[in-house]
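Colleague: I would like to learn how to read a model of this kind feature by feature, starting with a single side chain and working up to a sheet. Please give me the general idea each time, and then the case at hand.

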Amino acid sequence: MNRAITKKIKVGNTYIGGDSPVSVQSMTNTDTRDVKATVNQIKELQKAGCNIIRCAVPDWEAAEALGSISKEIDIPLVADIHFDYRLALESIKNGVSALRINPGNIGSKMKLEMVAKAAMEKGLPMRVGVNSGSLERDLLQKYGRPTPEALAESALRNVGYLEDLGFYDTVISIKSSDVMEMVNSYRLVSKQTDYPLHLGVTESGTVWRGTIKSSIGIGTLLCEGIGDTIRVSLTGDPIEEIKVGREILKATGNLNEGVQFVSCPTCGRTQINLIKIAEEVESRLAECNKNIKVAVMGCVVNGPGEAKEADIGIAGGRGEGMIFKKGVVIKKVKEEDLVEELMKEIENM
């Protein structure tokens with residue numbers, strides 16, 4: 001798979017686009033004015049694998065709080081700005097690494113110019129975000145509804161506003177809650193610009209439904225080589241966004257670090273409690289940072305043979321199981337001891 005060649009843009013201590021790895025983002029759901037709670041959540045998200053974090057800036061107090069927050073974290077901090085350009089200017093003063101704006105709702109051209117000038121002086125990029133719920137009136141009249149063509153035109157129009165001001169450190173996002181609408185919008189924009197693209201299905205739903213929709217939308221585009229950074233939007237704990245985002249990157253070949261976990265579906269050949277064992281292994285591997293592939297298989301048919309590419313794994317039997325490495329059985333263990341023995345072997349790897 002060849003990724004689309006895009007411009008490389010620096011965001012704090014990381015990069016988006018070019019030959020940079022696809023990064024995973026999230027957004028805090030704490031009150032930004034509560035510095036301690038926000039910093040704690042950001043640190044937990046970073047521990048889970050978050051590369052870039054965004055905070056809502058609804059008022060002046062939140063903008064000022066960004067100064068304290070930015071000093072306590074070491075991943076890029078993005079200020080999410082809507083409507084009031086002054087909040088963008090204050091956020092820049094308070095040490096953010098980037099801005100997320102919608103040029104269409106930031107105000108007059110003069111206000112946008114002030115924001116762009118301040119960002120350029122600090123060397124900060126901006127993400128231009130458009131979505132199906134805030135499409136310009138003339139584009140709605142032209143296309144009848146938020147079609148992919150309408151969303152793509154809106155995105156490029158907003159980028160054009162910044163280009164007219166001499167600003168080119170831009171990342172583009174085009175969000176829709178409709179998966180295929182989102183996919184086709186990004187396909188159109190990818191053909192017309194080399195700005196890096198921020199992928200996401202907006203308002204995708206709860207963890208269960210949102211994971212499915214985001215995996216299809218984001219995963220489809222990544223498999224086509226489109227996309228430079230992602231955010232999985234879920235109605236739930238932001239930690240889940242990072243978990244899902246990283247698994248999407250692993251599944252699409254964009255992330256080769258950390259544990260890769262596979263397990264087979266149960267069938268009539270299974271004679272151990274595979275579901276319980278798989279869930280326990282997966283849970284205990286959550287804190288593991290080893291670059292390994294772990295397999296939990298229900299029987300010898302799906303064991304060392306089908307999972308021989310795994311670094312280590314379990315193959316179930318009748319009330320017992322085998323632990324294997326690279327397809328070679330190393331020991332036979334009672335069912336009740338399987339998880340513990342597997343974890344010991346992983347710790348020693």
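Colleague: Which backbone atom lies 2.7 Å from a polar atom of the side chain of serine 91?

Modeller: That is the backbone oxygen of leucine 87, at 2.7 Å from a polar atom of the serine 91 side chain; a polar contact is a pair of N or O atoms within 3.5 Å, where within protein one must be able to donate a hydrogen and the other to accept it, and residues adjacent in sequence count only if both atoms are side-chain atoms. Before going further, keep in mind that this is a predicted model, in which local features need pLDDT of at least 70 and side-chain atom pairs count only at pLDDT 80 or more, while totals for chains, interfaces and linings use all residues. Residues are numbered from 1 along each chain as its sequence is written, and side-chain values use heavy atoms, with hydrogens and water left out.

Colleague: Where does serine 91 lie, and is it buried or exposed?

Modeller: Serine 91 belongs to helix 3, residues 85–93 (helices, H or I of at least four residues, and strands, E of at least two, are DSSP runs numbered from the N terminus). Its relative accessible area is 0%, so serine 91 is buried (under 20% is buried, over 50% exposed, in between partly exposed, with a 1.4 Å probe and protein chains only). Beyond its neighbours within four places in sequence, serine 91 is in contact with Val57, Ala63, Leu66, Ala79, Ile81, Val96 and Leu99, contact meaning heavy atoms within 4.5 Å.

Colleague: How should I read charged pairs, and how many salt bridges does the structure hold?

Modeller: Side chains of opposite charge can pair when their charged atoms come close. The structure holds 26 salt bridges, each a side-chain nitrogen of Lys or Arg within 4 Å of a carboxyl oxygen of Asp or Glu. In one of them, glutamate 136 meets arginine 157 at 4.0 Å, N to O; this pair links distant parts of the chain, 21 residues apart, with glutamate 136 in the loop between strand 7 (126–131) and helix 5 (137–143) and arginine 157 in helix 6 (residues 148–164). Arginine 157 also forms a salt bridge with aspartate 138, with the closest N and O atoms 2.7 Å apart. Because arginine 157 lies in helix 6 and aspartate 138 in helix 5, this second pair ties together parts that are 19 residues apart in sequence.

Colleague: In what order do the strands of the open sheet run?

Modeller: Five strands form that sheet in the order 11-12-13-14-15, with mixed pairing, two strands being paired if DSSP finds at least two bridges between them. Strand 11 (260–263) and strand 15 (328–334) are the edges, each pairing on one side only. Neighbouring strands are turned by 20 degrees against each other on average, direction ignored (axes are lines fitted to C-alpha atoms, for helices over the stretch in contact, and angles run from 0 to 180 degrees between N-to-C directions). Helix 10 (residues 274–284) packs on the sheet, touching strand 11, strand 12 and strand 13, and its direction makes about 165 degrees with that of strand 12.

Colleague: How is strand 13 joined to strand 12 and strand 14?

Modeller: Strand 12 (residues 293–297) runs parallel to strand 13 (residues 312–316), with four bridges between them; valine 294 stands opposite isoleucine 312, and methionine 297 has alanine 315 as its bridge partner. Strand 14 (residues 320–325) runs antiparallel to strand 13, again with four bridges, and glycine 316 stands opposite glycine 321. Strand 13 and strand 14 form a hairpin with three residues between them, and glycine 319 in the turn has a positive phi of about 70 degrees.

Colleague: Which residues point each way from strand 13?

Modeller: In a regular strand the side chains alternate between the two faces of the sheet. Here Ile312, Ile314 and Gly316 point one way, Gly313 and Ala315 the other way, and all are buried.
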